[in-house]
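Trainee: Hi! Could you go through this protein with me, one piece at a time?

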Amino acid sequence: MAAGGNETDAHSFLQNTSILGLKVYALLGISIGCAITFVLLIIFSCCWTRKVGKLARRSSTLIPVVSKEIVAINTADQSENDDKVSPLPKHEENTSNEAKRSEYRSSESNVSGGSVSSSSAVSTDMPHFGWGRWYPLRELELATNGFSADNVIGEGGYGIVYRGILPDTSIVAIKNLLNNKGQAEREFKVEVEAIGKVRHKNLVGLIGYCAEGPQRMLVYEYLDNGNLEQWLHGDVGSVSPLTWDIRMKIAIGTAKGLAYMHEGLEPKVVHRDIKSSNILLDRQWNPKVSDFGLAKLLGSESSYVTTRVMGTFGYVAPEYASTGMLNEGSDVYSFGVLLMEIISGRSPVDYGRPAGEVNLVEWFKGMVASRRGEEVVDPLIDVQPLPRALKRLLLVCLRCIDLDAQKRPRMGQVVHMLEADEFHFRTDIRSAREETQNANRGEMASSAIGVNIRLPSRSWRPANLR
């Protein structure tokens with residue numbers, strides 16, 4: 001009986017039905033397939049609806065697609081003290097998850113590039129936190145009156161800087177990067193990576209950015225007293241407003257900013273374009289180092305990075321110009337030239353001067369070697385410096401521009417020398433001929449000015465770089 005029942009069931013599955021003459025088993029298979037397809041369509045529809053909803057919500061917040069170096073920073077990460085802050089100060093490295101989020105990524109890319117890090121969204125809810133907020137292009141257009149020429153406060157190969165007034169009446173400097181074969185994108189990345197999360201009283205602060213389509217703009221704090229180049233080489237009358245004390249204030253502040261970049265951050269930041277036009281000033285003559293578009297990041301495990309030679313003629317270290325090997329010593333050399341410029345009021349290269357005075361470094365060394373150091377001081381300074389103070393500065397200059405990069409002081413040591421109250425003087429008896437021959441070496445040229453400053457050890461770091 002059981003066998004007969006099974007035969008009957010099998011026979012019923014093989015019978016034709018009234019639906020297109022299909023057999024029962026075929027009709028069942030089609031029904032099951034349709035049911036599975038229907039379920040899959042429902043699942044796909046739900047997923048698609050959810051995805052479209054996310055896209056709609058994202059577009060409603062007006063967040064542009066920006067470089068992967070831009071990361072979300074919690075409002076708690078920003079220090080209220082302009083002197084503190086930092087992506088991983090060395091004594092706080094790896095102390096918390098908040099510090100890890102502020103970690104820099106080392107750079108191994110070309111002249112202005114930065115490394116690629118993990119991508120995350122940038123919140124626009126808070127106006128000023130982390131390394132800044134996103135500004136819509138329309139807001140920056142209104143702030144600068146349509147990027148009017150009347151609001152231009154700086155211009156160069158990098159782009160144009162405008163003075164802008166935001167809706168909250170705050171005044172900012174807006175750098176519109178020129179999109180020259182991707183250069184704007186590279187400089188945008190490297191400036192964000194180099195100083196995006198850094199707050200120091202001698203480094204210009206990055207407030208925010210704009211990235212819409214090909215446009216790349218950076219929004220900085222505005223300093224209303226121009227730059228050092230304008231005050232050194234502009235038409236300031238018969239007496240310079242930059243007294244000796246003001247010049248020393250500018251020199252020390254600039255040195256502190258560079259020392260923080262070299263010794264207070266990990267990885268360290270090499271500016272690569274230290275010059276008077278990149279030193280901004282406020283009404284109290286406090287300096288702030290600006291323009292990090294050429295900066296490079298250098299990890300603690302690397303003594304140098306090889307890169308395309310960039311910078312400004314007259315400030316570039318000779319070993320970097322000839323080999324492309326870059327480290328913080330290149331910034332030290334540039335600072336030495338800047339210090340000569342501050343003391344003398346002369347440009348690093350001035351073709352309007354006699355043949356022996358075109359190059360500031362060579363003229364400066366020759367004057368010191370021939371014991372005419374007092375003649376290098378800017379004649380527009382009303383009250384000339386004391387001889388001891390001048391001798392100290394002349395030696396600092398010579399040490400910074402030493403042709404042997406290994407013998408140049410670190411910027412922390414330069415801060416120490418500039419701020420030191422006591423100096424050790426000595427007198428060497430050497431012929432003028434020997435002094436001239438040795439003038440190319442800063443430590444030997446010191447005998448020509450009758451002063452010797454004892455350098456701190458190479459491992460020494462100032463207790464306070466702020």
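Trainee: Where does arginine 272 lie?
Mentor: Arginine 272 lies in the loop between strand E7 and strand E8, and E8 covers residues 279-281. Strands here are DSSP runs of E with at least two residues, helices are runs of H or I with at least four, and both are numbered from the N terminus. This is a predicted model, where local features need pLDDT of at least 70, side-chain atom pairs count only at pLDDT 80 or more, and totals for chains, interfaces and linings use all residues. Residues are numbered from 1 along each chain as its sequence is written, and side-chain values use heavy atoms, with hydrogens and water left out.

Trainee: Okay! And what is phi like at arginine 272?
Mentor: Phi of arginine 272 is near 80°, a positive value in a residue other than glycine.

Trainee: Is arginine 272 buried or exposed?
Mentor: Arginine 272 is buried, because its relative accessible area is 5% and buried means under 20% (exposed is over 50%, partly exposed is in between, with a 1.4 Å probe and protein chains only).

Trainee: What about E3 and E2, how many bridges join them?
Mentor: Four bridges join strand E2 (residues 152-156) to strand E3 (residues 159-165), and these two run antiparallel. Glutamate 155 stands opposite isoleucine 160 in E3, while glycine 154 has valine 161 of E3 as its bridge partner.

Trainee: And glycine 156, how far is it from leucine 178?
Mentor: Their C-alpha atoms are separated by 9.5 Å, and the two residues are 22 residues apart along the chain. Glycine 156 lies in strand E2 and is partly exposed, with a relative accessible area of 29%.

Trainee: What order do the strands of the open sheet take?
Mentor: The open sheet has six strands in the order E1-E5-E6-E4-E3-E2, and its pairing is mixed. The edge strands are E1 (133-134) and E2, each pairing on one side only.

Trainee: New topic! How many disulfides are there?
Mentor: A disulfide is a covalent bond between the sulfur atoms of two cysteines. The rule used here asks for a pair of cysteine sulfur atoms within 2.5 Å, and by this rule the count comes to zero disulfides. Cysteine 397 is in no disulfide, since the nearest cysteine sulfur, that of cysteine 400, is 7.0 Å away.

Trainee: Is cysteine 397 buried or exposed?
Mentor: Cysteine 397 is buried, at 0% relative accessibility. Cysteine 400 is buried too, with a relative accessible area of 0%.

Trainee: Which peptide bond is cis, with omega near 0°?
Mentor: The one from glutamate 266 to proline 267 is cis. Proline 267 is in the loop between helix H7 (244-263) and strand E7 (268-270).

Trainee: Now the surface: which residues make the nonpolar patch of about 690 Å²?
Mentor: Ile32, Ile36, Phe38, Val39, Leu40, Ile42 and Ile43 make that patch. Patch residues have over 30% relative accessible area and no salt bridge, with like charges joined within 9 Å and nonpolar side chains (Val, Leu, Ile, Met, Phe, Trp, Tyr) within 5 Å. A salt bridge is a side-chain nitrogen of Lys or Arg within 4 Å of a carboxyl oxygen of Asp or Glu.

Trainee: Last one: how many helices and strands does the protein have?
Mentor: The protein has 14 helices and 12 strands. Of its 466 residues, 47% count as buried.

Note on methods
Accessible areas come from the Shrake-Rupley method with a 1.4 Å probe; for residues, only the protein chains shown count as cover. Two strands pair if DSSP finds at least two bridges between them.
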